[in-house]
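Please look at the sequence and the structure below. The paragraphs that follow lead through the strands, the core and a few single residues.

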Amino acid sequence: MAITVNNQFTGIDFRYIKDTGLTGATARDNAAGTSGKLYAIYVDNTAGSASTAYLKLYDTVAAVTNGTTVPDFEFKIAASARQAFIFPEGLTFSNGLGYSASQGAGTTKGSNLAAAIADLLFVFK
(Lines give C-alpha, C1' and ligand atoms only; values in the text may rest on other atoms or scores of the structure.)
Protein backbone atom coordinates (compact mmCIF):
# COMPACT_ATOMS: atom_id res chain seq x y z
CA MET A 1 0.00 0.00 0.00
CA ALA A 2 1.23 3.43 -0.88
CA ILE A 3 -0.56 6.74 -0.59
CA THR A 4 0.84 9.75 -2.40
CA VAL A 5 -0.42 13.32 -2.07
CA ASN A 6 0.86 15.82 -4.60
CA ASN A 7 0.06 19.46 -3.87
CA GLN A 8 -0.06 21.52 -7.06
CA PHE A 9 -0.02 25.09 -5.80
CA THR A 10 0.93 26.71 -9.08
CA GLY A 11 -1.20 27.86 -12.02
CA ILE A 12 -3.06 24.57 -11.68
CA ASP A 13 -4.42 24.77 -8.17
CA PHE A 14 -5.37 21.22 -7.24
CA ARG A 15 -3.91 18.22 -5.52
CA TYR A 16 -4.16 14.59 -6.39
CA ILE A 17 -4.27 11.72 -3.96
CA LYS A 18 -3.14 8.34 -5.26
CA ASP A 19 -3.59 5.04 -3.43
CA THR A 20 -2.03 1.88 -4.88
CA GLY A 21 -3.20 -0.85 -2.57
CA LEU A 22 -6.72 -0.36 -1.23
CA THR A 23 -8.22 -3.68 -0.10
CA GLY A 24 -10.68 -2.44 2.49
CA ALA A 25 -8.72 -3.91 5.38
CA THR A 26 -7.99 -0.40 6.64
CA ALA A 27 -10.00 2.76 6.00
CA ARG A 28 -8.08 5.88 5.03
CA ASP A 29 -8.71 8.85 7.33
CA ASN A 30 -8.44 12.51 6.29
CA ALA A 31 -6.41 11.67 3.18
CA ALA A 32 -6.34 15.24 1.83
CA GLY A 33 -5.43 16.77 5.17
CA THR A 34 -7.94 19.57 4.63
CA SER A 35 -11.49 20.39 3.60
CA GLY A 36 -12.26 21.01 -0.08
CA LYS A 37 -14.01 19.71 -3.16
CA LEU A 38 -13.54 16.44 -5.00
CA TYR A 39 -13.63 16.85 -8.78
CA ALA A 40 -12.72 13.41 -10.11
CA ILE A 41 -12.08 9.81 -9.15
CA TYR A 42 -10.20 7.30 -11.31
CA VAL A 43 -10.33 3.63 -10.27
CA ASP A 44 -8.35 0.77 -11.79
CA ASN A 45 -9.93 -2.45 -10.54
CA THR A 46 -8.28 -4.72 -13.13
CA ALA A 47 -5.86 -6.37 -10.70
CA GLY A 48 -7.55 -9.74 -10.95
CA SER A 49 -10.50 -8.80 -8.78
CA ALA A 50 -13.51 -10.80 -9.94
CA SER A 51 -15.70 -9.04 -7.38
CA THR A 52 -17.67 -5.83 -7.54
CA ALA A 53 -16.25 -3.29 -5.11
CA TYR A 54 -17.89 -0.38 -3.34
CA LEU A 55 -15.81 2.75 -2.85
CA LYS A 56 -17.09 4.67 0.16
CA LEU A 57 -16.28 8.32 0.85
CA TYR A 58 -16.63 10.03 4.23
CA ASP A 59 -16.72 13.75 5.09
CA THR A 60 -14.79 13.50 8.34
CA VAL A 61 -11.40 13.92 9.95
CA ALA A 62 -12.31 11.32 12.57
CA ALA A 63 -11.31 7.67 12.32
CA VAL A 64 -13.51 5.72 9.91
CA THR A 65 -14.61 2.18 10.73
CA ASN A 66 -15.44 0.24 7.58
CA GLY A 67 -18.79 -1.46 8.15
CA THR A 68 -19.91 0.94 10.90
CA THR A 69 -19.37 4.54 9.75
CA VAL A 70 -22.11 5.65 7.34
CA PRO A 71 -20.58 6.80 4.03
CA ASP A 72 -21.50 10.22 2.63
CA PHE A 73 -20.95 9.01 -0.95
CA GLU A 74 -20.67 5.52 -2.41
CA PHE A 75 -19.64 4.29 -5.85
CA LYS A 76 -20.10 0.82 -7.30
CA ILE A 77 -16.90 -0.32 -9.04
CA ALA A 78 -17.33 -3.02 -11.66
CA ALA A 79 -15.19 -6.13 -11.40
CA SER A 80 -12.01 -6.15 -13.50
CA ALA A 81 -12.68 -2.68 -14.92
CA ARG A 82 -11.35 0.87 -15.01
CA GLN A 83 -13.80 3.65 -14.22
CA ALA A 84 -13.75 7.43 -13.96
CA PHE A 85 -16.21 9.60 -12.07
CA ILE A 86 -16.23 13.33 -12.88
CA PHE A 87 -17.92 16.02 -10.79
CA PRO A 88 -17.78 19.37 -12.65
CA GLU A 89 -19.19 21.29 -9.66
CA GLY A 90 -17.23 19.20 -7.15
CA LEU A 91 -18.41 17.18 -4.16
CA THR A 92 -17.93 19.25 -1.01
CA PHE A 93 -16.03 17.81 1.93
CA SER A 94 -16.43 20.35 4.75
CA ASN A 95 -14.29 18.41 7.22
CA GLY A 96 -11.92 16.13 5.32
CA LEU A 97 -11.84 13.23 2.86
CA GLY A 98 -11.83 9.71 4.26
CA TYR A 99 -12.44 6.58 2.18
CA SER A 100 -12.62 2.81 2.23
CA ALA A 101 -13.64 -0.07 -0.03
CA SER A 102 -15.31 -3.42 0.44
CA GLN A 103 -17.55 -5.95 -1.27
CA GLY A 104 -20.57 -4.78 0.75
CA ALA A 105 -22.66 -1.70 0.02
CA GLY A 106 -23.61 0.98 2.56
CA THR A 107 -22.56 0.32 6.13
CA THR A 108 -22.27 -3.39 5.34
CA LYS A 109 -18.57 -4.13 5.39
CA GLY A 110 -18.76 -7.37 3.48
CA SER A 111 -15.46 -8.98 2.72
CA ASN A 112 -12.23 -7.21 2.00
CA LEU A 113 -11.44 -7.14 -1.70
CA ALA A 114 -9.83 -10.33 -2.99
CA ALA A 115 -7.23 -8.25 -4.86
CA ALA A 116 -6.38 -4.65 -4.08
CA ILE A 117 -7.60 -1.84 -6.29
CA ALA A 118 -4.48 -1.29 -8.39
CA ASP A 119 -4.82 2.48 -8.66
CA LEU A 120 -7.18 4.92 -7.02
CA LEU A 121 -6.74 8.58 -7.87
CA PHE A 122 -8.65 11.56 -6.46
CA VAL A 123 -8.48 15.10 -7.86
CA PHE A 124 -9.13 17.42 -4.91
CA LYS A 125 -9.04 21.17 -4.34
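Two strands are said to pair if DSSP finds at least two bridges between them. The strands themselves, like helices, are DSSP runs numbered from the N terminus; a strand (E) needs at least two residues and a helix (H or I) at least four. By this rule strand 2 (residues 13-19) is joined to strand 8 by five bridges, and the two run antiparallel.

The structure is a predicted model, in which local features need pLDDT of at least 70 and side-chain atom pairs count only at pLDDT 80 or more, while totals for chains, interfaces and linings use all residues. Residues are numbered from 1 along each chain as its sequence is written, and side-chain values use heavy atoms, with hydrogens and water left out.

Next comes an open sheet of three strands, whose order is 5-4-7 and whose pairing is antiparallel. Strand 5 and strand 7 are the edge strands, since each of them pairs on one side only. Ignoring direction, neighbouring strands of this sheet are turned by 20 degrees against each other on average; axes are lines fitted to C-alpha atoms, for helices over the stretch in contact, and angles run from 0 to 180 degrees between N-to-C directions. Strand 4 and strand 5 are held in antiparallel pairing by five bridges, and Tyr54 has Lys76 in strand 5 as its bridge partner. Between strand 4 and strand 7 there are six bridges, also antiparallel, and Lys56 has Ser100 in strand 7 as its partner.

How are the faces of the strands covered? A residue is called buried under 20% relative accessible area, exposed over 50%, and partly exposed in between (1.4 Å probe, protein chains only). In strand 7, six of six residues are buried. Leu97, Tyr99 and Ala101 lie on one side of strand 7, and Gly98, Ser100 and Ser102 on the other. Strand 8 has a covered face, formed by Leu120, Phe122 and Phe124, and an uncovered face, formed by Asp119, Leu121 and Val123.

The covered residues lead to the core. A nonpolar core is a set of buried Ala, Val, Leu, Ile, Met, Phe, Trp, Tyr and Cys residues joined through side-chain atoms within 4.5 Å. The largest one here has 24 residues, of which Leu38, Ile41, Leu55, Leu57, Phe75, Leu120 and Phe122 touch the most other members. Strand 3 (36-44), strand 4 (53-59), strand 5 (73-77), strand 6 (82-93), strand 7 (97-102) and strand 8 (119-124) each give two or more residues to this core. Strand 6 gives the most, with four residues. For a single member, contact (heavy atoms within 4.5 Å) can be listed: leaving out residues up to four places away in sequence, Leu120 touches Ile17, Lys18, Asp19, Leu22, Ile41, Tyr42, Val43, Leu55 and Tyr99.

Aromatic rings can also be examined in pairs. Rings of Phe, Tyr and Trp (its six-membered ring) pair if their centres lie within 6.5 Å; planes under 30 degrees apart count as stacked, over 60 as edge-to-face and the rest as tilted. The whole structure holds five aromatic pairs. In one of them, Phe75 and Phe87 have ring centres 5.7 Å apart and planes at 50 degrees, so this pair is tilted. Phe75 belongs to strand 5 and Phe87 to strand 6, twelve residues apart, and both residues are buried. Phe93 and Phe124 form another tilted pair, with 6.4 Å between the centres and 55 degrees between the planes. Because Phe93 lies in strand 6 and Phe124 in strand 8, this pair ties together parts that are 31 residues apart in sequence. Ring pairs also link Phe73, Phe93 and Phe124 into a cluster.

Two loop residues complete the tour. Thr68, in the loop between strand 4 and strand 5, is exposed, with a relative accessible area of 57%.
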